[in-house]
Amino acid sequence: MTGMGQEVCRPVDLRTEYLEDPLGIDEAHPRFSWKLMDERRGARQTAYEVVVGTDSLLVEKGSGVWSSGRQLSAAQLVSYEGPALRPWTRYYWRVTVEDKDGKKGGMPGVASFETGMMGMGNWRGAWISDSRDIQLKPAAYFRKPFRMEKKVRSARAYIAAAGLYELYINGAKVGNHRLDPMYTRFDRRNLYVTYDITNYLQQGENAVGVLLGNGWYNMQSTAVWYFHEAPWRARPCMCMDIRINYEDGSTETICSGKDWKTSLSPIVFNSIYTGEHVDDRRVQEGWDRPGFNDSAWKEVIFRSAPSGNVAAQVMPPIRDVERIMPVTMKRLNDTVVVYDLGRNIAGVSELHVSGPAGARMRLVHGERLYPNGHVDQSNISVHYRPVGDGDPFQTDIYILKGGGEEVFKPLMGYKGFQYVEVVSSSPDVRLNANSLTGWFMHSDVQAAGRIESSDTLVNRLWAATNNSYLSNFMGYPTDCPQREKNGWTGDAHIAVETGLYNFNGIKVYEKWMADHRDEQQPNGVLPSIIPTDGWGYEWGNGPDWTSTIALIPWNIYMFYGDPRLLRDCYDNIRRYVDHIELRGENGRSTGLTDWGLGDWIPVTTKPPVEFTSTVYYYTDARILARAAGLLGKKEDEKKYRVLAEKIRTAFNARYLDRAKGVYGSGLQTEQCMPLYWGLVPDDMRAKVAASLARRVEADGNHLNVGLLGTKALLSALSENGYADLAYTVATQRTYPSWGWWIVNGATTLYENWPIDAKSDISMNHIMFGEIGAWLFKGLGGILPDAGQPGFRHILLRPHFAKGLERFRATHESPYGEIVSSWKTDGGKIVYAAVVPAGATAQLELPWKKVELVAGRYEFREP
């Protein structure tokens, strides 16, 4: 074993609400978190003090509006408990710590956050729009000129919208966000975003401009989910306050109101679902600058607020994260060119083009090609129900203004694609290999995990899984970025651990759980897609899908050690579980339920829906009981523990053959789900695991499961003595398997096991994404401990799969980086681990079991 060097303990990576120095938060009790920089063996915190105030110099000296006082605690996540926070105010906070020996640490950490509106009553702007006509196609411009004489100290823009917007000041786009605000149930909750616009303003004349598009608020495209009939549907509208703080101490607020003017923009059609059409001949140069002649523009109209709840959007924004150049360009004729990005992404394409005025460009996006080289959309357009031919699927249209190189990049939507077919109405349009680029867009969440191994398939599979996960992380988790863009609940809970091992996504999930609370009916029922216009309350929901309401908060608690989301969702979980119970015969629970979809998209076999849904019913009841215990609800804890045991007993009575150690008819899903979710009696686990292993071997060491089975299969094997078999299944190169996709060129995960499936064959789907989490759990063995969650105590249970010569998993936990790695050396295993400062671990190796404190370790097989 090797030790660490010596260094003084000090707090680092200070965050407020899990973000670095955030602007515009509305949280009355913001959470403060930090990590420890201390490389000594056994490093930990024994005490801390947090001070919060508005004067940074005083805070650095330990004085402010609130102090936690010196707390003899190892906690590195603390909530503000001081006087009510004021709106529009920058606060600073400092944390000092004491190390493992009780000595004061090094330099204290200092961070900041800034409050936003802190309540609906502080808005001054009016909700405005340009029209009440939901059929009006073009996006609208809004502008207001204003003059400033005094020197600016700071300025913020607070903008809420129903629809999507781009904000401009003095001719410059503000910030680098895309597709703000995030999608919500617009008639129940709207989001606003805060921008620091200090450097965009100038003394003298200024102008603010807003480009306002449809988003999900005014869906003009028609598909099977009826978003064009959403109860909230209306022409987009917005509300904005610009607060300017001057050096002389005064404040001025520029508000949206009747003194704004509006005009139609060159975006003649926009749909987040299908595409964007732009006629660049209609550009009004300088519309967002001072001095523009807006005499032909019309007066805005007032609108009522879309909802009575306008809340801060506090989360990583969607951004253009990665620019991707095509790997090939193929000219099919003098007006058709097809570009191949070499990988499947969610995002947009950017076109640089020259040609005559009026030339029309069609950019058709898809995931595959026909044999003749044209883009094939047949796998992703199946649920689209167009009216006429004016709104082609996943197709942008750009009309040139002429006169030199022009740049077209859609602003009001995104697509899922690898190929772009560019069709010109004129052979005089000039395109080359560099004329088109792709932009990978997603919620810009910070990376938190990495997998590296000697098996290139494992590495490619990990990357493909992450590509699919990010392609489906757009302010809420989606199923696919092309055909639907829906927040399918089942897909999301299957992939939540994959997401949390690899990315710091807590704020997106917290937002999405607020969406769940908005959508839940009084009787506890949730829809299968969230947010929704109302579709999904009658199909696709049930415990196997909408258990997101319990599973997401529980996983956030396990990965972050933060019970707030469990607390916020507790009543919703309880109502949901109670509703399942009331669905029993004559309104009384039998312990079983057949409400659900079942093991979706199986290879060939599928258990009864009652089997899979009852497993999730049990899981929900168990989580509810645990949450009740954590939150001090002792009566509820007892009640739901009894319910969980009732479900488990009824399930085993119905499906378990104790003599054979087999559930149901012995299908893979029937064996692995009870093992993974904890329904198997303790004295039967080994027997059921052996039955599962025999079944997998009988299936040629290939998986034969659907969506729900993939969540459980690999872990059920690796956690019960069959890690080598799990690795064999995970890395198969032949059908059916994840590897089959990869060796056939996949750069993302697919929706169906056969590559040539006739239906359900999106090529960028996250629902089979549990494989990404299993690499951390099953091979790396990095697991949170429910007794000390958030990786305060780490369970290290690596499995050294035969044929894998080298493997390394890293995860950036709330305490710092965890490393679990091994390599073979002379036929022996050399295992190395890193336990971050403030954490401990229990390591289980085939040849020893040992408790670890913070430090770096190496163990060699005897």
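Author: Buried means under 20% relative accessible area, exposed means over 50%, and partly exposed lies in between, with a 1.4 Å probe and protein chains only. This is a predicted model, in which local features need pLDDT of at least 70 and side-chain atom pairs count only at pLDDT 80 or more, while totals for chains, interfaces and linings use all residues. Residues are numbered from 1 along each chain as its sequence is written, and side-chain values use heavy atoms, with hydrogens and water left out.

S547 counts as buried because its relative accessibility is 0%. S547 sits in the loop between helix 5 (543-546) and helix 6 (548-560), where helices (H or I, at least four residues) and strands (E, at least two) are DSSP runs numbered from the N terminus. Contact here means heavy atoms within 4.5 Å, and, leaving aside neighbours within four places in sequence, S547 is in contact with G542, Y576, Y616 and D620.

M673 belongs to helix 10 (residues 668-677), and M673 counts as buried because its relative accessibility is 0%. Although M673 and L708 are 35 residues apart in sequence, their C-alpha atoms are 7.9 Å apart in space.
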